Amino acid sequence: MLVAVLAAQPLRAEEPTDFVPQFLGAQYTFIDQHQDSLHSPYSGPLSIKANGDTARSHTFGAYFGASLPAHFQFYFDAEMFKGEGVSNAAGLGGLTNGDVIRSGTVNLGKRPYAARHYLRYVLPLGEETVDPEHAQDQLPGKEYARRVEAKLGKFAANDDFDKNRYADSTRTQFMNWSLWNNTAWDFAADTRGYSNGLMLAWIDRGWSLRYGVFQMPTEANGQALERSLTRTRGEQVELTVQPAPGDWALRLLAFRNIARMGNYRDALALAARSGQPPDIRADDRDGRRKYGYAANLELPLADGGETGLFARAGWNDGRTESFAFTEVDRTLSVGAQISGVHWRRADDRLAIAIAVNGLSSDHRDYLAAGGNGFLLGDGRLNYGRERILEAYYRIQLLPHLQVSPDIQLIHNPGYNRDRGPARYIGLRTHLEF
């Protein structure tokens with residue numbers, strides 16, 4: 001399946017065309033997370049476990065790229081996931097381990113899979129070049145500062161959209177889904193977080209503009225993707241304003257999904273006529289739409305930008321079912337990162353953040369009536385905003401090895417005042433070459 005996308009990352013100004021694939025890096029991340037027991041007077045099929053839980057996850061990745069003629073590049077990433085998330089990775093809008101998105105559905109197995117394979121093209125708009133930071137899916141060499149880019153193939157929409165210097169990677173920064181991504185942005189993806197699509201970008205001095213269109217899944221949180229972009233698709237456009245590299249950045253995003261989705265209010269009406277609990281899957285129809293908006297701010301303060309603040313805000317209409325990422329219709333998060341240079345540990349990082357998630361009135365009424373989504377389902381609901389606190393300390397033990405103790409506290413887990421608070425203690429080990 002073909003997918004085209006314009007990359008958020010620059011293309012090289014030096015264009016060797018030896019066609020020989022280069023090994024760009026590899027990583028292994030291990031997360032051990034424990035959930036304490038919590039107050040839970042009742043539970044449903046997707047509630048977090050009242051008696052607590054402990055789970056471990058492992059992700060492996062190897063990343064390759066090759067230079068091609070005429071400003072083209074090709075990238076291929078292989079990954080593997082083993083393990084699971086606490087409480088079967090359900091019962092929360094802001095799940096506590098971002099790596100479990102790579103686990104997929106139960107029947108996918110735990111074998112290696114192709115996470116990304118795509119072509120990348122750049123059209124230079126001048127001769128000025130920059131030196132990009134070393135990164136996965138980034139061939140070494142200088143890149144054009146002003147350019148038009150395109151990306152075509154399989155990858156993740158959040159590879160290019162909603163980036164943030166301080167809250168972007170679950171493997172090295174915050175682990176909660178509501179802190180490394182804007183959870184109100186229901187971006188098109190299969191169960192593991194990838195899709196086929198097209199992304200275009202215009203990157204200039206002080207600003208950039210990106211557009212992406214991706215295949216939607218055939219069902220909520222499904223692995224199979226729809227083939228037709230005319231019948232179903234996920235679209236997003238994002239404007240980034242950043243006066244200079246390393247300076248503050250503001251990103252404004254709008255998205256629209258068209259898919260075979262259910263409508264919460266219609267599902268409630270069907271349930272009232274049948275006398276049964278509502279089922280969003282019984283109401284799905286082609287052509288249903290979901291739209292929303294997101295804002296993303298990063299503000300470097302000191303230490304070459306390694307100490308700074310960030311914030312995100314997101315909203316979607318919440319009329320049709322949460323379909324691809326998680327069950328959040330409104331979100332707001334703020335946080336800070338502090339460089340360890342202040343206590344003579346220059347490569348260490350201390351970070352803390354809070355997030356508040358909410359649901360639309362239609363979504364909360366559906367859950368209160370006993371309906372289930374793909375992550376939420378307590379059987380009933382005493383609605384309250386889900387409030388999340390996370391803090392971690394990332395220790396650079398060796399040049400390629402990091403260890404990060406992590407704590408999370410969640411009030412009203414799954415938006416339910418009758419449940420919680422939920423407490424989590426985690427330890428993450430990240431090895432990267």
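I looked up isoleucine 354 and found that its bridge partner in S17 is leucine 389. The model is predicted: I take local features only at pLDDT of at least 70 and side-chain atom pairs only at pLDDT 80 or more, while totals for chains, interfaces and linings use all residues. Residues are numbered from 1 along each chain as its sequence is written, and side-chain values use heavy atoms, without hydrogens and water.

I noted that S16 and strand S17 (residues 386-398) run antiparallel and are joined by nine bridges. Strands are DSSP runs of E with at least two residues, helices are runs of H or I with at least four, and both are numbered from the N terminus. Two strands pair if DSSP finds at least two bridges between them.

I then turned to the pairing of S16 (residues 349-358) with S15 (residues 330-339), which is antiparallel and has 10 bridges. Here alanine 336 has isoleucine 352 of S16 as its bridge partner.

For the whole protein, I counted three helices and 19 strands. The radius of gyration is 21 Å, close to the 22 Å of the globule rule for 433 residues, so the protein is as compact as a globular protein of that length. This radius is taken over C-alpha atoms, and the rule is 2.2 Å times the number of residues to the power 0.38. The C-alpha trace spans about 65 × 55 × 40 Å along its principal axes.

Last, I checked contacts (heavy atoms within 4.5 Å). Of those with a separation of 6 or more, 73% join residues 24 or more positions apart.
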